[in-house]
Amino acid sequence: MNEDGKDELFLLSRQGGEARRLFEAKSGVGGEARVRPFAWSPDGKQIAFLMSDPGTDEEKKAKEQKNDPILFERDHKFMRVWLADVATGETRCVTTEAMQVWGFGWSPDGKQFALIVSDEPYEWSWYHAKLATAAADGGTIRVIYDPAPRQIALPMWSPDGSHIAFLQSIWSDRGVVSGDFHLIPSSGGAPRNLSAGYDASVSWMAWMPNGKSLIALAVKHDGAVVEQWPVGSGRHRQLWSGSVAIANPFWAEFSHDRTLRTLAFARESASEPGQIWIARRDHDSLE
């Protein structure tokens with residue numbers, strides 16, 4: 001955030017050097033969402049981000065004149081997906097329809113987004129959100145699944161683009177979701193619960209590069225567990241478990257490299273302070 005109170009995005013080379021400002025946002029970026037508000041495109045040429053609608057010139061003038069009454073839930077300011085061109089810094093809005101976007105995920109070819117959307121932008125609206133898709137070059141938002149009365153989060157496109165994985169809650173608040181994880185064709189259809197009957201609550205997941213399985217982190221009994229889940233037939237396989245808490249700071253999640261050979265966690269326990277732990281996956285377990 002700069003001196004004028006506006007959000008800015010900077011790029012910094014991994015080799016170091018001076019940071020380059022990519023753009024100055026017209027409004028708040030990321031909003032109150034406790035999700036990752038930025039995501040590189042698969043080809044690395046664009047960055048997608050969430051940004052709320054800026055105030056109109058009339059609204060800004062009224063505020064300056066101190067003539068800006070608060071009209072309860074009448075002034076819709078939607079959070080939308082925007083794209084920033086890495087080379088030029090130019091930005092454009094992708095989701096131009098009157099619909100709130102709470103979270104998103106790129107398709108592997110960079111041509112579409114999976115979206116968590118609601119009809120209105122207020123906090124209670126998140127509890128009525130749906131799964132949708134939209135083209136990265138703009139166009140209609142197409143709802144493919146309504147989970148009512150459950151909540152959903154974390155849409156993740158499969159490496160081959162055929163399916164979208166997502167969390168569906170057993171218990172939830174925005175920014176801290178746990179439950180079962182489902183798989184749905186990206187073109188729409190009936191979702192399939194991959195973790196039906198599982199005695200734990202999945203909170204985070206990631207696709208294996210071959211698209212045949214996912215790595216999932218779950219809250220189980222008095223600790224956490226990491227397991228590998230095949231998307232076809234077959235049983236899930238435990239990679240690691242421990243009597244620890246994993247949170248960043250509220251949602252239990254992990255980061256990983258492209259191969260998912262290395263995972264990183266923010267981990268703590270009754271006898272350990274919060275620290276970053278690295279886990280390396282071999283064929284059978286996490287070290």
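**Entry 1: strand pairs**

I take two strands as paired if DSSP finds at least two bridges between them. The model I am looking at is predicted. With that rule I looked up β3 and strand β4 (residues 46-52), and I found 3 bridges joining them, with the two running antiparallel. Within this pair, F38 stands opposite F49 in β4.

I then looked at the sheet these strands belong to. It is an open sheet of 4 strands in the order β3-β4-β5-β6, and the pairing is antiparallel. I noted that β3 (38-40) and β6 (91-93) are at the edges with a single partner strand each, so one side of each has no neighbour in the sheet. On average, neighbouring strands of this sheet are turned by 25° against each other, direction ignored.

**Entry 2**

Next I went to strand β8 (residues 112-118) and strand β9 (residues 130-135). They run antiparallel and are joined by 6 bridges. L115 has A132 of β9 opposite it.

I followed β9 on to strand β10 (residues 142-145), where I found 3 bridges and again an antiparallel run. Here L131 stands opposite Y145 in β10. I noted that β9 and β10 form a hairpin with 6 residues between them. In the turn, G138 has a positive phi of about 100°.

**Entry 3: salt bridges**

How many salt bridges are there? I have 7 in my notes.

I looked up D119 and K130, which form one with the closest N and O atoms 3.9 Å apart. D119 is in the loop between β8 and β9 while K130 is in strand β9, so the pair ties together parts 11 residues apart in sequence. D119 is partly exposed at 48% relative accessibility, and K130 is partly exposed at 21%.

Then I checked E123 and R174, whose side chains meet in a salt bridge at 2.7 Å, N to O. This pair links distant parts of the chain, 51 residues apart: E123 is in the loop between β8 and β9, and R174 is in the loop between β12 (163-173) and β13 (176-185). Is R174 buried or exposed? At 13% relative accessibility I count R174 as buried, because buried means under 20%. E123 is partly exposed, with 43%.

R267 and E272 also meet in a salt bridge, at 3.7 Å, N to O. R267 is buried at 17%, and E272 is partly exposed at 26%. I also noted a network of salt bridges that links E8, R21 and E24.

**Entry 4: S233**

Last, I looked for S233 and found it in the loop between β17 (223-230) and β18 (237-242). S233 is exposed, with a relative accessible area of 74%. S233 and L194 are 39 residues apart in sequence, and their C-alpha atoms are 9.9 Å apart.

Technical notes. Residues numbered from 1 in each chain as written. Predicted model: local features only at pLDDT ≥ 70, side-chain atom pairs only at ≥ 80, totals over all residues. Heavy atoms only, no water. Buried < 20%, exposed > 50% of the residue type's maximum accessible area, 1.4 Å probe, protein only. Axes fitted to C-alpha atoms, helices over the stretch in contact; angles between N-to-C directions. Salt bridge = Lys/Arg side-chain N within 4 Å of Asp/Glu carboxyl O.
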